[in-house]
Amino acid sequence: MSRIHVLHENPAWLPPLAEAFDRNGLPWTEWFLHEGTFDLAAPPPPGVFYNRMSASSHTRDHRYSAELTAAVLAWLTRWGRRVVNGPGALDLEISKVRQYAALEQHGVATPRTVLVAGRGTIAAAAERYYPGQPVIMKPNRGGKGLGVQLFASSDSLAAFVESDAWQAPVDGLTLLQEYVRAPRPVITRAEFVGGRFLYAVEVDTSGGFELCPADVCAIGDANCPVGEAPRDKFTIVEGIPDPLRMRLERFLAVTGIDVAGIEFISDAAGRTLVYDVNTNTNYNPDAEHRAGLAGTDRSGPGAIAAFLKRNLARVAGESLPPGA
Ligand SMILES: Nc1ncnc2c1ncn2[C@@H]1O[C@H](COP(=O)(O)OP(=O)(O)O)[C@@H](O)[C@H]1O
Ligand SMILES: [Mg+2]
């Protein structure tokens, strides 16, 4: 029987999707890609495959899940299976440098970024490219904001890199990036499903850089000053400017990405810079509830279920004999 196969490595992120699939009566199963055996000569089961491999998989003790997923996707595509967020999506998920190259190629501006390999060369690169300026240091393979740090100057960055607190990025690649100063402490994350804009959510960054929207990632109100009402961290907003939306949709079409959350910041000078493409995107249930989207096809999980349902119907139609 044709079904939806969800490829992932974090069970904690599945429940909202499971709920939407079940509400739509969709047949589905999960593939937990941490360990496994795959006979490359045998055809994969029928159905639609939805890749949700995450750039941060190595932080959950799944160091090789991304590599395993790339191999499994090659097997699936060799057998002609429909893969949602296929090899092109995984390729960008695990490399910000490749994201930025593809974005710039499609006319989408990204922050000025310097790629550095080798711990011993980072301090000198910061001094050379960001003298006397604040600088953001982040791993090339990111996720959840882990390892993203703002330094007031290249001196404080140099001291950090030489200290015991330094942790090498999993792929050995470090990015030094211009600090984009927003007039208000917010970033915008635009959600796309089936390659089309769904909604945008404004995220309050005053509590730090770890911005995972999933409920299971919530860190509570620890950052809320005593006596102040906690502000909602995620708020769904009207939309994004048409030219940006159209460029991003084109970028997604060309790179083969069906589902993504794309993050950008606008600075006081009016520049809008895209700095993160999440092909494994999670949605904030409270924000969706407040916007009246929860449980509908306009929520993130609801839109994904509807999109996969259409794909499943197409695949099932293709496997019918002609004229049936
Ligand atoms: N160049 C930048 N200027 C200002 N803030 C940034 C910049 N890059 C990242 N940040 C902040 O850090 C957060 C995490 O960075 P991001 O590049 O999205 O890493 P990840 O892939 O781990 O989510 C962002 O959502 C934003 O709040
Ligand atoms: Mg991010």
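Here is the tour, starting with some ground rules.

This is a predicted model, where local features need pLDDT of at least 70 and side-chain atom pairs count only at pLDDT 80 or more, while totals for chains, interfaces and linings use all residues. Residues are numbered from 1 along each chain as its sequence is written, chains are lettered from A and ligands numbered from 1 in the order in which they are written, and side-chain values use heavy atoms, with hydrogens and water left out.

**Stop 1: the metal**

Select the magnesium ion, ligand 2. Its protein donors are Glu263 (OE) and Asp276 (OD), at 2.1 to 2.4 Å. Donors here are N, O and S atoms within 2.8 Å of the metal (3.2 Å for Na, K and Ca), and since water is not among the atoms, sites may look incomplete. Now colour the strands: Glu263 belongs to E12 (residues 260-266) and Asp276 to E13 (residues 272-278), with the two 13 residues apart. Strands (E, at least two residues) and helices (H or I, at least four) are DSSP runs, numbered from the N terminus. Glu263 is buried at 7% relative accessibility, and Asp276 is buried too, at 11%. Buried means under 20% relative accessible area, exposed over 50%, and partly exposed in between (1.4 Å probe, protein chains only).

**Stop 2: Glu9**

Next, pick Glu9, in the loop between strand E1 (3-8) and helix H1 (15-23). Is Glu9 buried or exposed? It's buried, at 1% relative accessibility. Show the side chains: Glu9 makes a polar contact of 2.5 Å with Arg60, and another of 2.5 Å with His62. A polar contact is a pair of N or O atoms within 3.5 Å; within protein, one must be able to donate a hydrogen and the other to accept it, and residues adjacent in sequence count only if both atoms are side-chain atoms.

**Stop 3: two positive phi angles**

Jump to Asp61, in the loop between strand E3 (47-51) and helix H2 (65-78). Asp61 isn't a glycine, yet its phi is positive, about 65°. This residue is exposed, with a relative accessible area of 68%. Then try Asn85, between strand E4 (82-84) and helix H3 (87-93). Asn85 also has a positive phi, near 60°, but it is buried, at 0%.

**Stop 4: Leu308**

Finally, select Leu308. Leaving aside neighbours within four places in sequence, Leu308 is in contact (heavy atoms within 4.5 Å) with Ile4, Phe21, Val48, Tyr50 and Val84.
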